[in-house]
Amino acid sequence: MKITVVGTGYVGLVTGTCFAETGNDVICVDIDVNKVNKLSNGQITIYEPGLEKLFERNLKEGRLHFTTSLAEGVNHGEVIFLALPTPPGEDGSADLSYILRVADDMGKIITDYKVIVDKSTVPVGTAELVQTAIAKHCSQPFDVVSNPEFLREGVAVDDFMKPDRVVIGTRSERARKVMGELFAPFVRQGNPILFMDEKSAELTKYAANSFLATKISFMNEIAILCEKLGADVDMVRRGVGSDDRIGKRFLFPGIGYGGSCFPKDVQALVKSSEDVSYDFKILNAVMDVNERQKLFLMPKISAWFKNDLKGKHFALWGLAFKPNTDDIREAPALYMIDALVEAGATVTVFDPEAMANVERVIGNKVTYAANQYDCLADADALVIATEWSVFRTPDFDKIGSSLKNKLIFDGRNLFDVSRMEELGYHYESVGRAAANI
Ligand code: UDX
């Protein structure tokens with residue numbers, strides 16, 4: 001099938017590459033000339049495990065092209081995916097100006113039947129707005145479909161190639177047939193394509209992400225209770241998650257969720273609710289808990305140093321908002337850094353992928369180490385903010401001899417508390433007793 005993807009950000013690039021991988025003829029459009037040149041020359045612009053190989057192969061075999069010309073893209077694709085940014089405006093609502101501008105322009109170009117697909121996370125009712133914007137200049141038949149993505153950074157290729165479900169919002173039989181055919185190769189294992197109306201599809205995305213964020217904030221509150229009552233959140237998590245109705249995933253407490261989706265989507269759903277005079281109480285609490293959670297370790301750190309962090313030096317492992325990505329959007333580590341620096345401390349950081357991004361944003365507010373062990377030199381304590389696999393079984397002798405004190409504050413519960421006690425560390429984590437040395 002001939003496919004066009006407008007927007008070569010994270011979602012667009014994964015979408016375009018994965019459609020090319022199943023044999024489609026794909027053109028990706030972006031207004032950024034620099035980016036289009038890089039991509040056309042085989043230089044991938046995002047970090048996503050597994051994507052580069054597919055990208056290179058499909059580019060080489062001629063199924064994947066890049067252009068700055070919207071007209072070329074629109075003329076090419078029978079199905080046109082819109083994967084454009086929807087940043088939160090000041091009031092938390094999604095800013096649709098990119099999508100609506102492109103829709104308006106497309107209306108002037110379309111000359112035969114097209115299926116236009118909203119792939120970005122957009123508020124309920126956006127398909128209707130896109131329909132209106134295109135129809136303003138266009139008398140050709142076309143359908144606007146909502147097809148939200150559920151990709152997780154770090155495993156996006158797998159999520160795209162083997163989705164748990166594909167949600168397709170359209171009431172048009174013609175569009176339904178086209179989309180069903182396009183997605184058939186991705187659901188051969190038997191997972192469903194769920195057809196529904198446009199608004200239900202749009203709400204599904206927000207509801208799914210908000211529910212997952214709720215699970216995390218809920219467990220973060222349980223973790224606090226565990227500490228206050230003397231229980232162990234790891235045990236409680238296992239006990240709770242073994243119930244099929246609840247499930248084991250997304251119950252890990254920590255220093256809060258970040259990233260480009262959860263914070264923005266929860267906020268946008270609260271805003272959409274307000275717009276129809278509804279106070280979504282649970283989600284307001286989910287956001288409050290997450291804000292507080294990002295600084296969960298601070299009182300513990302302050303208490304250890306008797307409320308005086310002036311002149312103290314910290315090593316911080318993990319900057320990305322989660323492992324296997326270089327994405328630092330809403331990363332809890334950045335909030336930790338702010339709080340430590342504000343309290344008069346200095347910080348040296350290490351992350352396997354996200355260092356360059358952090359340096360771009362906060363510059364010399366911190367110092368950057370070449371590896372996780374160099375990071376520890378002369379530090380009063382180690383703080384862990386992201387659960388990268390390389391941090392899970394470190395050389396504790398090396399840590400112990402580099403740090404001034406055998407002292408670790410772990411925001412992701414990487415280590416066993418009793419083992420840390422055996423190793424002679426004072427170790428504090430989330431929702432578990434401290435290894436108190
Ligand atoms: C999420 C959704 O999972 C995906 O379906 C959607 O399309 C985009 O948003 P992503 O933001 O890539 O994906 O990351 P995800 O793996 O879901 O993690 C989000 C955040 O929650 C991370 O900060 C992570 O550290 C945190 N998290 C996750 C927890 O704190 N505890 C958990 O148990 C799980």
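Asn-413 sits in the loop between strand 13 (407-410) and helix 17 (417-422). Helices (H or I, at least four residues) and strands (E, at least two) are DSSP runs, numbered from the N terminus. This is a predicted model: local features need pLDDT of at least 70, side-chain atom pairs count only at pLDDT 80 or more, and totals for chains, interfaces and linings use all residues. Residues are numbered from 1 along each chain as its sequence is written.

## Positive phi in loops

Asn-413 has a positive phi of about 50°, although it is not a glycine. Most residues other than glycine have a negative phi. Is Asn-413 buried or exposed? Asn-413 is buried, because 20 other C-beta atoms lie within 10 Å. A residue is buried if 20 or more other C-beta atoms lie within 10 Å of its own, exposed if 12 or fewer, and partly exposed in between; C-beta atoms are placed from the backbone.

Asn-307 has a positive phi too, of about 60°, and it is not a glycine. Asn-307 lies in the loop between helix 13 (297-304) and strand 9 (313-317). Asn-307 has 10 C-beta neighbours inside 10 Å, so it counts as exposed.

Gly-344 follows helix 14 and has a positive phi, near 100°. Its loop runs between helix 14 and strand 10. Gly-344 has 11 C-beta neighbours inside 10 Å, so it counts as exposed. Leaving aside neighbours within four places in sequence, Gly-344 is in contact with Leu-309, Lys-310 and Gly-311. Two residues are in contact if their C-beta atoms, placed from the backbone, lie within 7 Å.

The table sets out C-alpha separations.

| Pair | Apart along the chain | C-alpha separation |
|---|---|---|
| Pro-263 and Ala-385 | 122 residues | 17 Å |
| Cys-375 and Glu-173 | 202 residues | 59 Å |

Pro-263 is in helix 11. It counts as buried, because it has 22 C-beta neighbours inside 10 Å. Beyond four places in sequence, Pro-263 is in contact with Gly-258 and Glu-330.

Cys-375 lies in the loop between strand 11 (367-368) and strand 12. Cys-375 has 22 C-beta neighbours inside 10 Å, so it counts as buried. Not counting residues up to four places away in sequence, Cys-375 touches Ala-315, Trp-317, Thr-348, Val-349, Phe-350 and Ala-369.

Start with helix 12 (residues 281-294). How far apart are its end C-alpha atoms? They are 21 Å apart. At 1.5 Å a residue, its 14 residues should span 20 Å, so the two values agree. The expected span is 1.5 Å times one less than the number of residues.

Which residues of helix 12 are buried? They are Leu-283, Val-286, Asn-290, Gln-293 and Lys-294. These residues cover an arc of only 95° around the axis, so they lie on the same side of helix 12. The arc is that of the directions from the helix axis to the C-beta atoms. Lys-281 and Asp-288 are exposed on the other side. The cover over the buried residues includes helix 9, helix 11 (262-275) and helix 14 (332-342).

Helix 14 has its own buried residues: Pro-332, Ala-333, Leu-334, Met-336, Ile-337 and Leu-340. Among the elements that cover them are helix 12, helix 13, strand 9 and strand 10 (346-350). Helix 15 (355-362) and strand 12 (381-384) are also included.

## Domains and ligand

The domain assignment gives domain 1 (2-196), domain 2 (205-293) and domain 3 (295-428). These bounds come from an automatic or database domain assignment. The centres of domain 1 and domain 3, taken over C-alpha atoms, are 38 Å apart. Their contact takes four residues from domain 1 and seven residues from domain 3.

Around the ligand there are 19 residues, and Glu-153, Phe-252, Tyr-257, Gly-259 and Cys-261 come nearest. A residue is near a molecule or strand if its C-beta atom, placed from the backbone, lies within 6 Å of it. Domain 1 and domain 2 each supply at least three residues of this shell. Helix 9 (residues 198-229) gives the largest share, three residues.
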